[in-house]
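Please read this briefing with the structure open beside it.

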Amino acid sequence: MSRQRSMENILASEYVSIGELVRITNSRYSTLKHYTEEGMLPFEQAEENLTRRYKREETVARILWIKEMKTNGLSIPQIKEALGMN
């Protein structure tokens with residue numbers, strides 16, 4: 001089992017894990033996993049251990065935008081359209 005990085009180290013990193021995104025955005029793991037599976041959260045996959053890596057700043061901004069759209073009552077298909085995914 002890997003050891004968690006400190007919040008200071010996470011916030012200084014260019015890339016973060018989905019677990020770290022959970023901590024940064026106060027989101028549920030299952031929600032972010034769903035967004036990833038729907039293609040709403042782009043990621044890169046590290047070759048050595050196949051771990052998904054997310055660009056921290058870009059992904060956090062996107063999660064916050066998705067949360068705002070959900071708060072305004074948009075459905076996942078509508079959010080995907082707003083993200084230019086259709």
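**Helix 2 against helix 3**

The axes of helix 2 and helix 3 cross at roughly 120° and come within 9 Å. That angle makes helix 2 oblique to helix 3; angles under 35 degrees count as roughly parallel, over 145 as roughly antiparallel, 65 to 115 as roughly perpendicular, and the rest as oblique. This is a predicted model, in which local features need pLDDT of at least 70 and side-chain atom pairs count only at pLDDT 80 or more, while totals for chains, interfaces and linings use all residues. Residues are numbered from 1 along each chain as its sequence is written, and side-chain values use heavy atoms, with hydrogens and water left out.

- The crossing of helix 2 and helix 3 is right-handed; a crossing is right-handed if the near helix is turned clockwise from the far one by less than a right angle, and left-handed if anticlockwise.
- Ile18, Leu21, Val22 and Thr25 of helix 2 make the contact with Tyr29, Leu32, Lys33 and Thr36 of helix 3; contact means heavy atoms within 4.5 Å.
- Axes are lines fitted to C-alpha atoms, for helices over the stretch in contact, and angles run from 0 to 180 degrees between N-to-C directions.
- Helices (H or I, at least four residues) and strands (E, at least two) are DSSP runs, numbered from the N terminus.

**Helix 2 against helix 4**

- Helix 2 also packs with helix 4, at an angle of about 55° and with the axes 11 Å apart.
- That angle makes helix 2 oblique to helix 4.
- On the helix 2 side the contact is made by Leu21, Ile24 and Thr25, and on the helix 4 side by Arg56, Thr59, Val60, Ile63 and Lys67.
- The crossing of helix 2 and helix 4 is right-handed.

**The buried side of helix 2**

- Ile18, Glu20, Leu21 and Thr25 are the buried residues named for helix 2; buried means under 20% relative accessible area, exposed over 50%, and partly exposed in between (1.4 Å probe, protein chains only).
- These residues cover an arc of only 150° around the axis, which puts them on the same side of helix 2; the arc is that of the directions from the helix axis to the C-beta atoms.
- An α-helix has 3.6 residues a turn, so residues three or four places apart point the same way.
- The cover over the buried residues of helix 2 includes helix 1 (7-12), strand 1 (15-16), helix 3, strand 3 and helix 4.
- Glu20 has a relative accessible area of 10% and is therefore buried.
- Not counting residues up to four places away in sequence, Glu20 touches Arg5 and Ile10.
- Gly19 lies in helix 2, and its relative accessibility of 31% makes it partly exposed.
- From C-alpha to C-alpha, Gly19 and Lys33 are 9.8 Å apart in space, and they are 14 residues apart in sequence.

- Asn26 is found in the loop between helix 2 and helix 3.
- Asn26 counts as exposed, at 70% relative accessibility.
- The phi of Asn26 is positive, near 55°, in a residue other than glycine.

**The buried side of helix 3**

- Helix 3 (residues 29-37) has Leu32, Tyr35 and Thr36 as its buried residues.
- They cover an arc of only 100° around the axis, which puts them on the same side of helix 3.
- Helix 2 (18-25), strand 3 (52-55), helix 4 (56-71) and helix 5 (76-82) are among the elements that cover these buried residues.
- Thr36 has a relative accessible area of 6%, so it is buried.
- Leaving aside neighbours within four places in sequence, Thr36 is in contact with Ile18, Leu41, Phe43, Arg52 and Tyr54.

**The largest nonpolar core**

- The largest nonpolar core has 16 residues, and those with the most contacts inside it are Leu21, Leu32, Tyr35, Met40, Leu41 and Ile66.
- A nonpolar core is a set of buried Ala, Val, Leu, Ile, Met, Phe, Trp, Tyr and Cys residues joined through side-chain atoms within 4.5 Å.
- At least two residues of this core come from each of helix 2, helix 3, helix 4 and helix 5.
- Helix 4 supplies the largest share of this core, four residues.
- Leaving aside its neighbours within four places in sequence, Leu21 is in contact with Val16, Asn26, Leu32, Tyr54, Thr59, Val60 and Ile63.
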